Amino acid sequence: MLKNMFKKTYTLLDTKYKKTDEPSVPQGLWRRCNKCGQPIYVDDVKANYYICPKCHGYFRAHAYRRIEMTIDEGTFEEWNKEMPFENPLKFPGYEKKVNATKEKTKLNEAVVTGKGKILGNDAVVAVCDARFFMSSMGHIVGEKITYAVERATAEKLPVIIFACSGGARMQEGIVSLMQMAKTSAALKRHHEAGQLFISVLTDPTTGGVTASFAMLGDIILAEPNALIGFAGPRVIEQTIGQKLPEGFQRSEFLLEHGFVDKIVEREHMKETLASILAMHRKPENAAAVLSAEGAGTGAPSKRAAQRDAWDTVQLSRNADRPTAMDYIDALFDNFMEFHGDRYFKDDGAVVGGIATFKGIPVTVIGQQKGKNTKENLKRNFGMPSPEGYRKALRLMKQAETFGRPVICFVDTPGAFCGMEAEERGQGEAIARNLFEISDLKVPVLSIVIGEGGSGGALAMAVANEVWMMENAIYSVLSPEGFASILWKDSKKAPEASRVMKITAKDLYDLKIIERVIVEDEPASANNMTVIADEIRRGLEEFLAKRLSMTGEELAAERYERFRRM
């Protein structure tokens, strides 16, 4: 009987609390995450950059919230806040729907534009807001963005656009389509004026916005897991009748396929933007901060003349030799890696981005080998594919736009010769680099740090000066390949290495290179500091001379260098 009484009591209590299972707090303080379904405290979400504290899923940030997270307090000046409504196609019910959306969102249109400071750096910003017609691009959106870009061009300011859109505004038909061309044309003029455009892709960025301003950034950043694509997943599935793979059209997919420079978490976005803006401010009289003293002659040591060429080949291939990233880390500050060729893929065999040297912005690019089997597979053993050379060229052309010197680290057995590389135009990619780099209007320095194999190396060594590490090699092809072709016997590679004249001393004597970086001991992590100090002194000398030259003089010097050979 007692047992039945307790059972009845627990049943009553259970029934009572089932009716009040939600937290007893004022309405609006708690909400349910639409990604993980967990209850979340609204203030926690706001304090966490509008990211779910449970699943780390990103909520769409309203335009003014985004501005609060990005722009220094009290510095934002909004432009064109109110613009008159027009219905270019006289679409039925359009004006009524727009007015209702204005009332609900307190926005005039789907984008907010203006200028402000980001950690002290001036910038023009445009922020799309998905609450207003899914931030579709009608003529007012196009006009606000175009005006902002035009004013930025006139005031010599960088532009940052936070894209978020479902595409074209259907109610405006062909007029909406024209905004793609209008915004793109304004950005072209901004680019030709030598000004920076950073595109930030957020969830979702689709349709005509993706096919216009969103993908035209000099630098393209993306938030994690954002949906980005021209045709939406539903449209693609309905068209081709196939289920799309997991992660298709997400930020990470675009990074892997070469269309995005960098994925940046929202909590780091402001600092990342500030760093990029700071490195695109042209320093005044940069050459004055450099010293050309104590750089040495650059001649090879006596030891280099005594070492057998085949021994040098072995040293150049040593797995313990520092890689391009080791030199970048040792020589430069604030390195930020950028990814992708904007056509097909991000090639791990080529790394590159922007950095500073003695406070001077530079572009650094390197052919990157791995230090173990797993890394070498990721880096394809330092053998670039066409997309690697196209990435390198993209970064060099970007450097030219913003007047940055280019420093390349060459270390490859040669260009990748697989079937897929041929299908994607390996020869054309190398030829295009030779063609374009020859006329770059900024200083270019290339340093052969390990193997300099054939055209795969030359594609990153069309420079004003080429330097070599004492135990590096630079050759028309590998000694093994040379022996196989000429003598039908790859085992004669040691003999081939001696007749090919591929060592730093040989090439210095032939006036193919300008400087030899001495290795008192073969380069390794143990003597990296000493080697970096010598390169740093030489780099100061190189830049002190070249930064005072005009673009035409730099290109002419590079042309004459090869013309003499």
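Lys511 is exposed (over 50% relative accessible area, with a 1.4 Å probe and protein chains only), at a relative accessible area of 66%. You'll find Lys511 in the loop between helix H20 (504–509) and strand E18 (515–517); helices here are DSSP runs of H or I with at least four residues, strands are E runs of at least two, and both are numbered from the N terminus. Lys511 is not a glycine, yet its phi is positive, about 60 degrees. Most residues other than glycine have a negative phi, and most peptide bonds are trans.

Met134 is another non-glycine residue with a positive phi, near 55 degrees. Met134 sits in the loop between strand E5 (121–128) and helix H5 (139–154). With 27% relative accessibility, Met134 counts as partly exposed, the class between buried (under 20%) and exposed.

## What kind of model this is

This is a predicted model, where local features need pLDDT of at least 70 and side-chain atom pairs count only at pLDDT 80 or more, while totals for chains, interfaces and linings use all residues. Numbering starts from 1 along each chain as its sequence is written, and side-chain values use heavy atoms, with hydrogens and water left out.

Which residues does the cis peptide bond join? Asp203 and Pro204, with omega at about -10 degrees. Pro204 belongs to strand E7 (residues 197–206).

## The chain overall

The protein chain has 22 helices and 18 strands, and its C-alpha trace spans about 95 × 75 × 50 Å along the principal axes. Of its 565 residues, 51% are buried. Take the contacts (heavy atoms within 4.5 Å) with a separation of 6 or more: 72% of them are between residues 24 or more positions apart.

## H14 against H16

Two packed helices are described by the angle between their axes and the distance between the axes. For helix H14 (residues 386–401) and helix H16 (residues 426–437), the axes come within 8 Å and cross at roughly 20 degrees. The axes are lines fitted to C-alpha atoms over the stretch in contact, with angles from 0 to 180 degrees between N-to-C directions. H14 and H16 are therefore roughly parallel, a label for angles under 35 degrees. Their crossing is left-handed, as the near helix is turned anticlockwise from the far one by less than a right angle.

On the H14 side, the contact includes Tyr389, Leu393 and Met396, and on the H16 side Ala429, Ile430 and Asn433 are among the residues involved. By class, this contact has eight nonpolar, two polar and five charged residues. Nonpolar covers Ala, Val, Leu, Ile, Met, Phe, Trp, Tyr, Cys and Pro; charged covers Asp, Glu, Lys and Arg; the others, Gly among them, are polar.

Helix H21 (residues 528–546) has 19 residues and reaches 26 Å from first C-alpha to last, close to the expected 27 Å, which is 1.5 Å times one less than the number of residues. Its buried residues include Ile531, Ile535, Leu539 and Phe542, along with Glu534 and Arg546.

Helix H12 (residues 324–331) packs on H21 at an angle of about 70 degrees, the axes 10 Å apart. That makes H12 roughly perpendicular to H21, the term for 65 to 115 degrees. This crossing is right-handed, meaning clockwise. Asp326, Tyr327, Ala330 and Leu331 in H12 meet Met528, Ile531, Ala532, Ile535 and Arg536 in H21. Those contact residues divide into seven nonpolar, no polar and two charged.

Technical notes
Parallel < 35°, antiparallel > 145°, perpendicular 65-115°, else oblique.
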